[in-house]
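Here are a few notes to read alongside the model. Keep the viewer open and look up each residue as you reach it.

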Amino acid sequence: DYRGEDVTIETMKKVFFGGGAGWDDGLNADSNLFIYWTGHGGDQFFKFQDVEEITAVDINNLLTELHARNKYKSVLFITDTCQAFTLGDKITAPNVYFLGSSLRGQNSYAHGSPHPTIGLSVIEKYTQRILEFVIRNKSRKELTLSQALVDHLSFEQQRAHVGWKEVDCDRPMDQVLLSDFFSSVEARRRQSSIQLLSTANVSSASLEFVPPINPASRSRRVEARTSRRTNEKEEASHIEQQTPRLQASDPLFVTLAALFLASALVVSLVL
C-alpha cells in the first residue's frame with residue numbers, strides 16, 4: 001500500500017509495472033484496464049501532492065509502455081479535473097477509451113458541501129452524475145460506455161463539456177459495455193485485480209495492490225481490511241445521506257459505487 005505523501009508518480013508506476021521481488025500486478029494481454037484520476041489539473045498536466053506533475057506526454061509514454069509489455073487488451077481512462085480532456089491530447093497507444101470531465105479552458109466542479117474534517121468535497125459533480133445515473137438505471141448491466149459516461153450529461157448540469165475519444169480501438173464506445181471494466185465480486189475472485197487509490201492533495205490518499213484471492217490468504221486479507229474500513233465508515237456516512245444505496249443483490253456495481261462514493265479520495269484501477 002502507498003498512502004499520504006508516499007503517493008507519487010514513481011509509486012504509481014510501481015503499481016503498473018511491479019513493486020519488487022515477488023510482485024504480481026496481474027496484468028496481461030487479456031486485461032481490461034480501468035484508470036480513474038481526480039484532483040488538481042490543468043492544460044495537459046495533473047498534480048501529485050502539489051509537488052510534482054504528470055503531463056500528457058508522460059501519460060502517453062505510460063500507456064505505450066503498458067501496451068509494449070502486453071499489460072492490457074483495452075483501457076478505459078477517465079479524468080475528472082479542470083481541463084481534464086487535455087490530458088489525453090498526446091495519446092497514441094492503441095485501444096484506449098479516454099474521457100475528460102471538461103475541455104480546454106473549462107473547469108470541473110465539486111459536488112455537495114465540503115467534508116467537515118478535510119475541508120473539501122469528497123466527490124466531483126461529473127462522477128456524482130454518473131453514479132446516480134447508473135444506480136437508477138434498471139438495465140445497468142447493458143449500459144455502454146457512451147450511455148453511462150457521456151450521453152446523459154449536459155453542459156447545464158456540468159458547466160463543462162465532457163470530452164471523449166477512441167484511440168485506435170477495435171470497437172466504438174457505443175458498442176462497449178461499462179461492465180467490461182467493472183467485474184462482480186465473484187469475477188474478482190477469479191481474476192487478478194489492481195486498485196490505484198490516490199489523490200493529488202489529500203493526505204489520506206493511497207495506492208493499493210489487490211492480488212488474486214485464494215483460500216490461504218483470503219482470511220488474513222479480510223482481517224487486515226476490517227479495521228481500516230471501520231475507521232472510514234464515519235467519514236463516508238454523510239455521503240450515504242445524499243446518494244442512493246446499492247442493493248446487496250446487485251454485485252456487479254458494488255465496485256463502481258465504492259469507487260465513486262470516495263472519488264475525491266481515490267483514483268482507482270480495476271481489471
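**Notes on the model**

1. Let's begin with a charged pair: Arg-69 and Glu-65 join their side chains in a salt bridge, 2.5 Å from N to O. (A salt bridge is a side-chain nitrogen of Lys or Arg within 4 Å of a carboxyl oxygen of Asp or Glu.) Arg-69 is partly exposed because its relative accessibility is 43%, and Glu-65 is also partly exposed, at 31%. (Buried means under 20% relative accessible area, exposed over 50%, and partly exposed in between, with a 1.4 Å probe and protein chains only.)

2. Before going on, please note that this is a predicted model, where local features need pLDDT of at least 70 and side-chain atom pairs count only at pLDDT 80 or more, while totals for chains, interfaces and linings use all residues. Residues are numbered from 1 along each chain as its sequence is written, and side-chain values use heavy atoms, leaving out hydrogens and water.

3. How many salt bridges does the structure hold? There are five salt bridges. In one of them, Asp-89 meets Arg-104 at 2.6 Å, N to O. That pair links distant parts of the chain, 15 residues apart: Asp-89 sits in the loop between β6 and β7, and Arg-104 in the loop between β7 and α3. (Helices, H or I with at least four residues, and strands, E with at least two, are DSSP runs numbered from the N terminus.) Asp-43 joins Asp-89 and Arg-104 in a network of salt bridges.

4. Now find Ser-108, in the loop between β7 (96-100) and α3 (125-136). Is Ser-108 buried or exposed? Ser-108 counts as buried because its relative accessibility is 14%. Its side chain makes a polar contact with the side chain of Ser-101 at 2.5 Å, and the side chain of Ser-108 also reaches the backbone oxygen of Thr-81 at 2.9 Å. (A polar contact is a pair of N or O atoms within 3.5 Å; within protein, one must be able to donate a hydrogen and the other to accept it, and residues adjacent in sequence count only if both atoms are side-chain atoms.)

5. Finally, look at the nonpolar cores. The largest has 28 residues, and Leu-63, Leu-66 and Val-96 have the most contacts inside it. (A nonpolar core is a set of buried Ala, Val, Leu, Ile, Met, Phe, Trp, Tyr and Cys residues joined through side-chain atoms within 4.5 Å.) Helix α1 gives the largest share of this core, five residues. A second, separate core of 22 residues includes Tyr-36, Leu-99, Ile-130 and Phe-182.
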